[in-house]
Amino acid sequence: MAPPTAQGKATCSLNPKLMKRFALHAGDITMLKLHPMTRETMDATRGLRNMPDDFRDKDLVLMDARPSLGWPDTSNSATAAVNREDMRKGRDRRSSHRLLVAQMVIALRSLKRGGTLVATLDHPENTVTAQLLMMLKDLCREVRTFKSPRIMQVRSEFVVVAKGFGYGPRGDQEQRARLLRGFEKLWFELVFGGPERQGRALVEESDLDFVVSCETIVKDRLDELLDLAMIPWGRQEVGL
């Protein structure tokens, strides 16, 4: 799914031969109906689109799950001053937060048991990134990190590949359903929460505690996180 152009069509850079295997939908994924099914949420989301039926039961899901998505890259010193000015003015990050959580809802709804999730993340030390990595470790049989030496070397981004969805140490159906409900509820709060019901920003210190708390990661799972972080950190160190 991609935002439509001025002509109302979504565009894609994939080779036309490869596109025979895909369906391209024009639209904003943050404005799909991704909420838990309650009377309150149904009333609030009447104007939104249903998630396409062919998003279900997929062997492979690709997503860009960077918590800082939408912010200019700060690795280029020429743009650093502009970025600091944006941050000083309190640039609204709600759209990037909604995009992150919307993609998590779609991924958990769409990926079939045994499938593979490929996601772009950034900053393994970031609270939200660390929580997402630990979630994948729980849900999937094998989780590995990669960092392109040509494209990502001096940037904070890296790629995580999680295979065997549902076959991890805590990947049972009950746990997957619990996490999906948590992300659906969080999506609704980010879009329709806040004092004026106009949405709110993600509270990075606590909103994903239903996945795993920061305290638990630091106390019990730091070795797991460091194991996944060493490749991104090592490649970036070489590039810098």
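Guide: Helices α4 and α7 are roughly perpendicular to each other, in what is a predicted model.

Visitor: What makes α4 and α7 roughly perpendicular to each other?

Guide: The two helices, α4 and α7 (residues 222–239), pack at an angle of about 100°, with their axes 10 Å apart. Angles of 65 to 115 degrees count as roughly perpendicular, and α4 and α7 are therefore given that description.

Visitor: Which residues of α4 and α7 meet?

Guide: On the α4 side they are Ala-130, Leu-133, Met-134 and Lys-137, and these meet Glu-224, Leu-225 and Leu-228 in α7. Of the α4 residues in this group, Ala-130, Leu-133 and Met-134 are buried.

Visitor: Why is Thr-129 called buried?

Guide: Thr-129, which is found in helix α4, has a relative accessible area of 0%. The term buried applies under 20%, so Thr-129 is buried.

Visitor: What lies 2.7 Å from a polar atom of the side chain of Thr-129, and why does that pair count as a polar contact?

Guide: It is the backbone oxygen of Asp-122 that lies 2.7 Å from a polar atom of the Thr-129 side chain. A polar contact requires N or O atoms within 3.5 Å, one able to donate a hydrogen and the other to accept it, and the distance of 2.7 Å is set against that limit.

Visitor: What is found at the start of α4?

Guide: There, a side-chain oxygen of Asn-126 reaches to within 2.8 Å of the backbone nitrogen of Val-128, and Val-128 is itself among the buried residues of α4.

Visitor: Why is α4 described as mostly covered?

Guide: Of its 13 residues, 11 are buried, including Gln-131, Leu-132, Met-135, Leu-136, Asp-138 and Leu-139. Helix α3 (residues 94–110) is also mostly covered, with 14 of its 17 residues buried, while for the protein chain of 240 residues the buried share is 44%.

Visitor: How do you know that the span of α4 is close to the one expected?

Guide: Helix α4, residues 127–139, reaches 19 Å from its first C-alpha to its last, which is close to the 18 Å expected at 1.5 Å a residue. For α3, the reach is 24 Å, and the expected value is 24 Å.

Technical notes:
Residues are numbered from 1 along each chain as its sequence is written. This is a predicted model: local features need pLDDT of at least 70, side-chain atom pairs count only at pLDDT 80 or more; totals for chains, interfaces and linings use all residues. Side-chain values use heavy atoms; hydrogens and water are left out. Helices (H or I, at least four residues) and strands (E, at least two) are DSSP runs, numbered from the N terminus. The expected span of a helix is 1.5 Å times one less than its number of residues. Buried means under 20% relative accessible area, exposed over 50%, partly exposed in between (1.4 Å probe, protein chains only). Axes are lines fitted to C-alpha atoms, for helices over the stretch in contact, and angles run from 0 to 180 degrees between N-to-C directions. Angles under 35 degrees count as roughly parallel, over 145 as roughly antiparallel, 65 to 115 as roughly perpendicular and the rest as oblique. Contact means heavy atoms within 4.5 Å.
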